[in-house]
Amino acid sequence: MVDANVSYAPTEDQELIRTTARQFIEERVGLERVRELMMSEDGFDRGLWKEMADLGWPGLAISEEHGGAGLGPVEMSVLLEEMGRLVTPGPFFASAVVATIAIQQAAIPEKQDRLLPTLASGETIATLAVFEEPRGWGLAPSLTKAQPSGDSWTVTGAKRAVLDGHLADLLLVTASTGDGVGLFAIDSDANGLTISQESTLDPTRRQATVTLEGVDGASRLDDGDMTESLRRTMSLATAALAAEQVGGAQRCMEMAVDYAKSRYQFGRPIGSYQAIKHRCANMLMKVEHAKSTAYHAARVTQDDAELAVAAPLAGSVCSEAYVWVAGENIQVHGGIGFTWEHDAHLYLKRAKASSLLLGSPRHQRDLLGRAIGI
Amino acid sequence: MVDANVSYAPTEDQELIRTTARQFIEERVGLERVRELMMSEDGFDRGLWKEMADLGWPGLAISEEHGGAGLGPVEMSVLLEEMGRLVTPGPFFASAVVATIAIQQAAIPEKQDRLLPTLASGETIATLAVFEEPRGWGLAPSLTKAQPSGDSWTVTGAKRAVLDGHLADLLLVTASTGDGVGLFAIDSDANGLTISQESTLDPTRRQATVTLEGVDGASRLDDGDMTESLRRTMSLATAALAAEQVGGAQRCMEMAVDYAKSRYQFGRPIGSYQAIKHRCANMLMKVEHAKSTAYHAARVTQDDAELAVAAPLAGSVCSEAYVWVAGENIQVHGGIGFTWEHDAHLYLKRAKASSLLLGSPRHQRDLLGRAIGI
Amino acid sequence: PCDQSLSERSIMSDGDEGRVERLVDELLTEHPPETTPDVEFWGAQYDKGLAWAWHPEGFGGLGLARKHQTRIDQLLEAAGASTENRYLNLLGIAMGAGVLDAHATDEQKRRWLRPMFTTEEIWCQLFSEPGAGSDVAGLATRAVKDGDEWVVNGQKVWTTLAHIAKWGMIVTRTDPNAPKHQGMTYFIVDMEAPGVDVRPLYQITGEAEFNEVFFNDVRIPDEHRIDAVGAGWRVAVTTLMNERVAIGGASVPRGSGYIGRAVEVWEETGEDDAVLRDELLHLWSEAEAARLTSIRANQLASAGIPGPEGSTGKLVWANLNKEITSFTVDLLGLDGTLYPEGYELSRPQRGGLHEPGKAFLRTRANSIEGGTSEIMLNILGERVLGLPGEPRVDKDLPWAEVPRG
Amino acid sequence: PCDQSLSERSIMSDGDEGRVERLVDELLTEHPPETTPDVEFWGAQYDKGLAWAWHPEGFGGLGLARKHQTRIDQLLEAAGASTENRYLNLLGIAMGAGVLDAHATDEQKRRWLRPMFTTEEIWCQLFSEPGAGSDVAGLATRAVKDGDEWVVNGQKVWTTLAHIAKWGMIVTRTDPNAPKHQGMTYFIVDMEAPGVDVRPLYQITGEAEFNEVFFNDVRIPDEHRIDAVGAGWRVAVTTLMNERVAIGGASVPRGSGYIGRAVEVWEETGEDDAVLRDELLHLWSEAEAARLTSIRANQLASAGIPGPEGSTGKLVWANLNKEITSFTVDLLGLDGTLYPEGYELSRPQRGGLHEPGKAFLRTRANSIEGGTSEIMLNILGERVLGLPGEPRVDKDLPWAEVPRG
């Protein structure tokens, strides 16, 4: 039974990462900066990205031989939880998490040697382009095809929901090769490549639609079919997103509880009314459950079979918890929580969008069912 | 639009039926009697049945030419609502509602002339045997087959969830005839017929399992395929059950509200706490919604297309409302509500069983979807 | 009480229908809708007493029962006359007029009713404050008597139409040392007066349907006071009565509104997942049950049969709207993460709620605006079910001593 | 505080492990489990101080830290010795012993602890009353001093094991004119004494897990009083502490319990409806999240990291058990309307909860027994989140004057 050997108590290193991350994000990012970025054209602050790079964050989970800190998914989940706490904008999740995982899972060693160092240093911003259909979250490319031409490949097709595609230097595109699925690295300035930023429900995390019309010079990263490693990539990405969702949900609960203590109506703090008190208690329960599933998923990434259970479990539980808590946080705040000037809506938008980004809770439960044989 | 010509305000006759019914059921049935019957062997009181017959209840919705009162489904729904209020035991629903509807919908005139008068008078207790599979609520007989022999038929097969089958004088059995579904009248003492009473979750409404081994002398009631009239029969039965569910749900809400006013903890009536107050308010909303759907269904029985929407709507909404309210009623009562001596459990058991008797809410929604094209 | 006697009178005299129809004919012949400017037409309608039939003659009415107004509007609409003023000046014509009819002096009615009805003067309502949301009676905006005038200081929020309104119905605190419900006074304030500062209040959609209104030493003449000094709460209640009735009361066609939109999206996307279908059907059922409930409530109400059916509407629709629009976004899958119209801050565009994303955001307020769901549940529990209230710590204290954090 | 200093001591002396193991070896050699009757073995175990390691020597303990007991039980079970007494006399060994350890005199401990541990004397708990459920401190069972005895009159409910118990832990009202929390006194009552009437309390399954206990002029010697007169609430709290920890604290294997049964039924029935599957997976996810939460809570607790993870268990499982068992009945379709075992009134059979119908009924009490979910939510909100309490109308009144309807 997997339970026995999983330890959930944070190590000192992890606590250190948490403290540093929280301090940096509160001081250097902060919700005021988040608001500026969310109204800006590209929602990106290169200076901030540079500072994160200097802290070694993009390379946190990249091996030392590739210039990273060589830490694991648990440390990354701590960092993501702290980023989620303040709905931190920027391409970190797209590049340092999803794209990096994709390369680590799918790329052959020499390709990893080539790509990972500049991702670790933050010089390169990469993103994974995998989805084609608006619904279903299918991973098998049907529109996008790749054909060998010389020692490189030509890719044609279209992708949607490409996270921060408008900022990416490097696109990692999945395409069918005839004998399976391949992962192709394409520079963002390649001919025939069109990247158009979309307006997103969550203005703190942007997306682009990508079309590829006979894009030449694509470099294939995998050797043969990557279906399996793509599945694993999405599991790991889901687990990572869950950690970010936990951070946001926790913050929403804290906002609601603080307000319930300080807001008086009819001569009493609203938190003294059971309608509010019990809702806050339910928030606590949902957040604790979300944490348990996210922490578990981050700790079993080495165990394929367990990850196949833990990732969709965390994906569905954390998505539903975050959307619910973010919504109830607005209700606890009443009118003020519905205003633009209040921060509550930043979390609601992040929560709702995140719950659909890598697969809806219902889709995640389907994956879970396959994993546990239901 | 159907709304325009549906009137929900009760007529004076309907109010009169309600008053008489409530008085009779409270005085002559009453929950004490219900408890005796529910612990008795067959859960039936022939004397009580006789009294109901004297009031003309079994024939309430049977035409006057057949010895009934010639009233309609709305009047019947008022009576059923009152019966549901006190979880009235006995074969009324099985015989005076479901079996009667089946004959009215499916039987040819001369068969109706033969069967309805003794049903109207209460001399005959009949029941419809339709279900064969434990799940799915399929109406097409797969196990039960009928073959012509002379001027009657021979029926072989098995049926489950036959309401009050152990009390029935007359079984109405659906069977496949090779060229469709037929409805067959079989006397309960026929050779080859085995009727075994089952122990039921709801001890106030009994069931039997029925097996037929080459039962001769079955009289076919329909002329040709009754698939359509069977579907309509089930819709009408669902609408009728919904009225009964409304009566029970309303009573549960009243019990909870009364208790919330009179029960003190910490020096206050528990109804002054929002946890209880808001739950009671939610009970009210669910009960009002249930009423709206049940009253609507009872009033559109003449409009096939609208009934196909209204019946499953009422079936799912009233089932879910009743189960929820009956459960919350126990919670509002706390420990005492969990005791055998308190009446709360009679309603919970009736509610839960009723929600599965003619099709689960999920099944009803499926029917609804087909009717509205979703 | 006054309404009461009026409706009795109207039951006695069956000639009222005839009189109403004759006056409508006159109005239509003297001022043909197709050639008469709306404002002029509405003025003439007022002068004939066809604006609020139940008002006394001379104040836009004929002293008849309320039901006659329905008839009048039907006749006018049938004849192609516009009744848009009832929407354009909603807060005035639906709420303000009721307040004036019940509490104002004849002089005040004469001053305000006609231009209100003609929409020459738009009205708004100034009740809620940052510190007084559910607890409106806790409001802190001060009004201090100074000669024949009152000097008002404070802030109001959630004020619709304030940016185009000429007059505002404002409740103020005039005696901080009286218990909260007794120290309030009600005024009609000139929104163009010096010291009135109206600012758009942007909501989470990026749009500003509402305003914040700041009052800095705004002077209101005493003749703009409604009812007695200290009677403000009584007048405010009259106003709020009308408000909550307005929300969730109306009955809509089956499958319309947000659930209709959800079904559209279901069809547009060609989605066929059994789980989502069941969820859609579940929401459809809830919406249809709520719809039938309000139809039933309206029927019973007009049949004079009292019942709880009416009280549940706002609560139910608030929850349903939130669930349905959230589900509709889910139906879109990855497209649900998009927000085509973007977020630049602006005054609302009409019909924007066709967009599932915007509808999802906007409906978050449904369980807050016009009475939070928590308050509505209290009302349902206490007024409809007769459950006891909670111990009150604020009722009898001087307002100034009520704890406010 | 006493525990505190003990555990400090045990940290200092590493020899404790050795001592414990030596004593266990002695016990096992002197009283080979396979040949020694359980009661005799448990007696010997007590005499060696291996019953409650943290108790003082001579009272079934060795004055060590609690953790040592876990080790002891592991060693004994490994050697094939029975620890069933901890289940057979659950309320005594898990709760009663703690009460005696904290509040009783040495003489009382000497009298009661050994036969409690050997199960020769079964214990029960007499707190709840018909009028005092969530509000236990509102209890009305009177005890009046008469010479060296107390005369008890009143009724207790929800008493497990009362029908086989020799001793009952009872809280009584000894001063009705003191505020509710101050007028109570705690006794150990002889359940075989004249005037004690134990009746089975049948629940909605038809089974009686619990009893009602009536007291008519039951006399309790003053030496059976625990702690001071008027200190009853303090002692009761010690008792309740242990109770709530017991519920929902333990961690179970994945997919076990009610959710495991639901999956079994899913497989047995061969059901494959996508909607029911998603619902099953939803419940499975909730159950697994709750399970992981209690594992995490236990880890953090034993790592000495305080957190809220522990407080949510009972609440969550109460709701989950109700939902899961209700869904399991639905999975059975028409068979869900059956109740194979029937309803004749009886004492419970073990393992009856394998039947979905009975499990559905039994779990309705999960959100009531051992603290209603409403109370648990208050505790979570106030003690864990630090939200303010509600205004109390009963706290400072003399108990006799507290309104009770």
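Among contacts in chain C between residues at least 6 apart in sequence, what percentage join residues at least 24 apart? The value is 69%, where two residues are in contact if their C-beta atoms, placed from the backbone, lie within 7 Å. The structure is a predicted model, in which local features need pLDDT of at least 70 and side-chain atom pairs count only at pLDDT 80 or more, while totals for chains, interfaces and linings use all residues. Residues are numbered from 1 along each chain as its sequence is written, and chains are lettered from A and ligands numbered from 1 in the order in which they are written.

Chain C contains 13 helices and eight strands; these are DSSP runs numbered from the N terminus, with helices being H or I of at least four residues and strands E of at least two. The radius of gyration of chain C, taken over C-alpha atoms, is 23 Å, close to the 22 Å given by the globule rule for 405 residues, so chain C is as compact as a globular protein of that length. The globule rule is 2.2 Å times the number of residues to the power 0.38. The C-alpha trace of chain C spans about 70 × 60 × 45 Å along its principal axes. Of the 405 residues in chain C, 48% are buried, a residue being buried if 20 or more other C-beta atoms lie within 10 Å of its own, with C-beta atoms placed from the backbone.

Chain C touches chain B through 35 residues of chain C and 31 residues of chain B. On the side of chain B, H7(B) gives the most, with 12 residues. That side divides into 15 nonpolar, 10 polar and six charged residues (Ala, Val, Leu, Ile, Met, Phe, Trp, Tyr, Cys and Pro count as nonpolar, Asp, Glu, Lys and Arg as charged, and the others, Gly among them, as polar). The contact between chains A and C takes 37 residues from chain A and 43 residues from chain C. On the side of chain A, H9(A) supplies the largest share, five residues.

The largest nonpolar core has 348 residues; such a core is a set of buried Ala, Val, Leu, Ile, Met, Phe, Trp, Tyr and Cys residues joined through C-beta atoms within 7 Å. A:Phe184, B:Phe184, C:Ala262 and D:Ala262 have the most contacts inside this core. Not counting residues up to four places away in sequence, D:Ala262 touches D:Leu280, D:Leu283, D:Ile324, D:Phe327, D:Thr328 and D:Leu331. A second, separate core of 60 residues includes D:Leu62 and D:Trp112.

Conventions:
A residue is buried if 20 or more other C-beta atoms lie within 10 Å of its own, exposed if 12 or fewer, and partly exposed in between; C-beta atoms are placed from the backbone.
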